[in-house]
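This report describes the fold of one chain and then looks at a few of its residues. The sequence and the structure come next.

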Amino acid sequence: KLEISYSGGAGPGDDAPDPPHQPRRYTLTHNDLTGQLWLTVGREYNDLQISGFYTRLLRDEVTAEWRGSSEPGEGPSLHVFCHVSGQERWLAPPVLRNYIF
């Protein structure tokens, strides 16, 4: 189950130049128990989405952003960051969650 939301004029119908002229950032979080995924696409990361109690507790999120190249003739590239942490006492320790990523 994936729920997608858009913020800050980054929706599919918005007139916006392609990256790297406009920032486009992605915030993906999930719930281990339900399997639900939440993806926010916006000009900035969705800090509220990654600051919730559950997310802070287990801290499994993926963020990504388009970055332009400083080299002539090279296009933008997508940079993806995975954050996995938590305490060893959880059913799914960080090592296992890191492996899943």
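## A buried loop residue

The model is predicted. Gln-36 has a relative accessibility of 14%, and because buried means under 20%, Gln-36 counts as buried. Gln-36 is placed in the loop between β2 (25–30) and β3 (37–42).

The contacts of Gln-36, leaving aside residues up to four places away in sequence, are Lys-1, Leu-2, Glu-3, Thr-29, His-30 and Asn-31. One of these, Glu-3, is 33 residues from Gln-36 along the chain, yet their C-alpha atoms are separated by 7.8 Å.

## Overall architecture

The chain contains two helices and five strands. In sequence order they give the pattern β-β-β-α-β-β-α. Of the 101 residues in the chain, 24% are buried. Contacts between residues at least 6 apart in sequence include 42% that join residues at least 24 apart.

## The sheet

Strands of a sheet pair through backbone hydrogen bonds, in either a parallel or an antiparallel arrangement. Here, five strands make an open sheet with mixed pairing, and their order is β1-β3-β2-β4-β5. At the edges are β1 (2–6) and β5 (77–84), each of which pairs on one side only. From one strand to the next, the twist averages 15°.

## Strand β2 and its partners

What is the sense of the pairing between β2 and β3, and over how many bridges does it run? These two strands pair in the antiparallel sense, over six bridges. Leu-28 is opposite Leu-39 in β3, and Thr-29 is opposite Trp-38, also in β3. The hairpin of β2 and β3 has six residues between the strands, and within the hairpin Gly-35 adopts a positive phi near 80°.

β2 also pairs with β4 (residues 60–67), in the antiparallel sense and over five bridges. In this pairing Arg-25 stands opposite Glu-65 in β4.

Which residues of β2 lie on its covered face, and which on the uncovered one? Arg-25, Thr-27 and Thr-29 make up the covered face, while Tyr-26, Leu-28 and His-30 make up the uncovered one. Thr-29, from the covered face, is among the contacts of Gln-36. His-30, from the uncovered face, is another of the contacts of Gln-36.

## Thr-40 in strand β3

Thr-40 is placed in strand β3. Is Thr-40 buried or exposed? Its relative accessibility is 5%, and the limit for a buried residue is under 20%, so Thr-40 counts as buried.

The side chains of Thr-40 and Asn-46 are joined by a polar contact of 3.2 Å. Leaving aside residues up to four places away in sequence, Thr-40 touches Ser-5, Ser-7, Arg-25, Tyr-26, Thr-27, Asn-46 and Gln-49. Among these contacts, Arg-25 and Thr-27 belong to the covered face of β2, and Tyr-26 belongs to the uncovered one.

## Arg-25 and the aromatic rings

Arg-25 lies over the face of Tyr-45, and the distance to the ring centre is 5.6 Å. Arg-25 also touches Thr-40 and stands opposite Glu-65 in β4.

How many aromatic pairs does a search of the whole structure find? The search finds zero.

Note on methods. Residues are numbered from 1 along each chain as its sequence is written. This is a predicted model: local features need pLDDT of at least 70, side-chain atom pairs count only at pLDDT 80 or more; totals for chains, interfaces and linings use all residues. Side-chain values use heavy atoms; hydrogens and water are left out. Rings of Phe, Tyr and Trp (its six-membered ring) pair if their centres lie within 6.5 Å; planes under 30 degrees apart count as stacked, over 60 as edge-to-face and the rest as tilted. A charge sits over a ring if NZ of Lys or CZ of Arg is within 6 Å of the ring centre and within 35 degrees of the ring normal. Helices (H or I, at least four residues) and strands (E, at least two) are DSSP runs, numbered from the N terminus. Buried means under 20% relative accessible area, exposed over 50%, partly exposed in between (1.4 Å probe, protein chains only). Contact means heavy atoms within 4.5 Å. Two strands pair if DSSP finds at least two bridges between them. Axes are lines fitted to C-alpha atoms, for helices over the stretch in contact, and angles run from 0 to 180 degrees between N-to-C directions. A polar contact is a pair of N or O atoms within 3.5 Å; within protein, one must be able to donate a hydrogen and the other to accept it, and residues adjacent in sequence count only if both atoms are side-chain atoms.
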